[in-house]
Amino acid sequence: MNNTELWQSVLAQMQFNISKANFATWFQNTEIITKDEGKIVISVPNAFSKEWLSNKYNKLILKILRETDDTIKDLDFVIRPQPLKVVSEKTLPEIDKNDSEQLKFEELKINKETNLNPRYDFENFVVGSFNELAHAAALAVSENPGFTYNPLFIYGGVGLGKTHLIQAIGNKISRNSKKKKVRYISSEKFVSDIVSAIRSNTIENFKNNLSSTDVLIIDDVQFLAGKNKTQEEFFHAFNSLYEKNKQIILSSDRPPNAISELEERLRSRFEGGMIADISLPDYETRLVILKNKAQEKKAQFPEEIIEYIAHNVKKNIRELEGALNKLLIYYKINNSTPDIETAKKLLKGFVFSPFDVANYKKIIETVAKFYNLEEKSLFDPTRRKEIVKPRQVAMFFLRKELKYSFPAIARKFGGKDHTTAIYAYKKILRENEENNKLTEELNLIKQRIYSG
Ligand code: ADP
Ligand code: MG
């Protein structure tokens, strides 16, 4: 394996260890320049990257390098500025050629105008009963934007295909009609754009820009919770687009009624169109996804191995890809597929282990996160409604999933009387029967407790 291949294989693995945004930021324009007596020198474009990579990612990069080549002992970074690009970005609306040639990584091929990643397509999106409704709604919207379901609201847990699906809509619309202005934006970016537009007095520009889009796609809107100024601007933008029959597409990790600290008027807008969820794929679908992805990468693995992954990697689709990727790297390095025993070793980190089942820590963590609370707030001796309900939900899960005794639950919650724990359990159990919203919340929380 030469240096380029070695670095490609490191990057392939890094992708699964850090977020896409970080990956694109820190690994763009990096390469191995020398490999000498166990020392690798990596060139980076600027001092900022150098500092970041050597402080934050040094260990991880070295670990991955060593897994591939155990003679590697040490790592260094040098700054090698990239030649200035002569063409301005404006004249290159499609794909930045430099980036895609240097690194064949999809995350770096984002379209500068729409912000869409061209790899997210309907063609490579596998449909099963777990995402059927969301897929059908997305397809309908892509065929007649603005006039079928508006807004389209897709929700589901991490790594289950929300971003893929909503970007596929955008990609299809902009391919079908070059005139349509499509814009994809993550909620975090949306918030920070609004904040900086307010600060620099350019909010009017920002609004005009938004209102000229034909299809506005906002990912992970749960992050708008508690951001009042952004919600206000978004509400107006939403209305002005909606009145002009412009398509709005939203994704979130939960349904609108479970997003706390979301203004009522915005919630009711979100609920005004089509809401569709994506849940977990079953075994058969996991198998299909794996086969498709292997084929995409032009690799063939024995049935036994694919089945092993489908059986054991259940958390989400991102993990399935990660597992497959690990084997692809092996394949690339050794020029042959691993046998099942080697595959099992390689996939250790992905496979469901007894530690992945529900435990006390996970229940507390998940419940607190779901209700946007700090974990310690669940234990506050307060009667505030915002705390009491999550606390009761946590007690409920400790009983229901872990079979904790009521006195044990009471002890965990600061020595409360065990009748408090009984009361909490029964109350949630009863409300679960009567209140659909709570049922939905409990289901989402449970799914998260188990899929971590
Ligand atoms: P989310 O936004 O829900 O966290 P993503 O859309 O980022 O999830 O999906 C995670 C990974 O799984 C992506 O690489 C995506 O392409 C892939 N993926 C998700 N759903 C599917 C699917 N139905 N078919 C094929 N690949 C999928
Ligand atoms: Mg996403």
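N144 sits in the loop between α5 and β4. The model is predicted, and what I say about this residue and the rest is computed from it. The relative accessible area of N144 is 37%, so N144 is partly exposed; the buried class would need a value under 20% and the exposed class one over 50%. N144 and I173 are 29 residues apart in sequence, and their C-alpha atoms are 8.8 Å apart in space.

The peptide bond that joins N150 to P151 is cis, with omega at about -5 degrees. Most peptide bonds are trans, and most residues other than glycine have a negative phi.

N201 is a residue other than glycine with a positive phi, near 60 degrees. The residue is placed in the loop between α7 (187–199) and α8 (203–211). Is N201 buried or exposed? Its relative accessibility is 71%, so N201 counts as exposed.

K403 counts as exposed because its relative accessibility is 62%, and the cut-off is over 50%.

Now the ligand. Which residues come nearest to ligand 1? They are G159, T163, H164, K293 and E321, out of 19 residues around it. By class, that shell holds six nonpolar, seven polar and six charged residues. Two helices, α6 (162–176) and α13 (317–334), each give the shell at least two residues.

- With T163, a polar side-chain atom is 2.7 Å from the ligand oxygen.
- With R119, the distance to an N or O atom of the side chain is 2.9 Å.

How much of ligand 1 does the protein cover? On its own, the ligand has 560 Å² of accessible area, and the protein covers 97% of that.

Next, one helix in the interior. In α12, residues 303–312, the buried residues are I305, I306, Y308, I309 and A310. What do the buried residues of α12 pack against? The partners are α11 (283–296), α13 and α14 (340–346). Of these, α13 is also a helix that supplies residues to the shell around ligand 1.

Last, the chain as a whole. The chain has 19 helices and eight strands. A compact globule of 452 residues would have a radius of gyration near 22 Å, and the chain has 24 Å, so the value agrees with that rule. Along the principal axes, the C-alpha atoms fill a box of roughly 70 × 55 × 40 Å.

Of the 452 residues, 47% are buried. As for contacts with a separation of 6 or more, 69% of them are between residues 24 or more positions apart.

Notes. Residues are numbered from 1 along each chain as its sequence is written. Chains are lettered from A and ligands numbered from 1 in the order in which they are written. This is a predicted model: local features need pLDDT of at least 70, side-chain atom pairs count only at pLDDT 80 or more; totals for chains, interfaces and linings use all residues. Side-chain values use heavy atoms; hydrogens and water are left out. A residue is near a molecule or strand if one of its heavy atoms lies within 4 Å of it. A polar contact is a pair of N or O atoms within 3.5 Å; within protein, one must be able to donate a hydrogen and the other to accept it, and residues adjacent in sequence count only if both atoms are side-chain atoms. Accessible areas come from the Shrake-Rupley method with a 1.4 Å probe; for residues, only the protein chains shown count as cover. Helices (H or I, at least four residues) and strands (E, at least two) are DSSP runs, numbered from the N terminus. Ala, Val, Leu, Ile, Met, Phe, Trp, Tyr, Cys and Pro count as nonpolar, Asp, Glu, Lys and Arg as charged, and the others, Gly among them, as polar. The radius of gyration is taken over C-alpha atoms; the globule rule is 2.2 Å times the number of residues to the power 0.38. Buried means under 20% relative accessible area, exposed over 50%, partly exposed in between (1.4 Å probe, protein chains only). Contact means heavy atoms within 4.5 Å.
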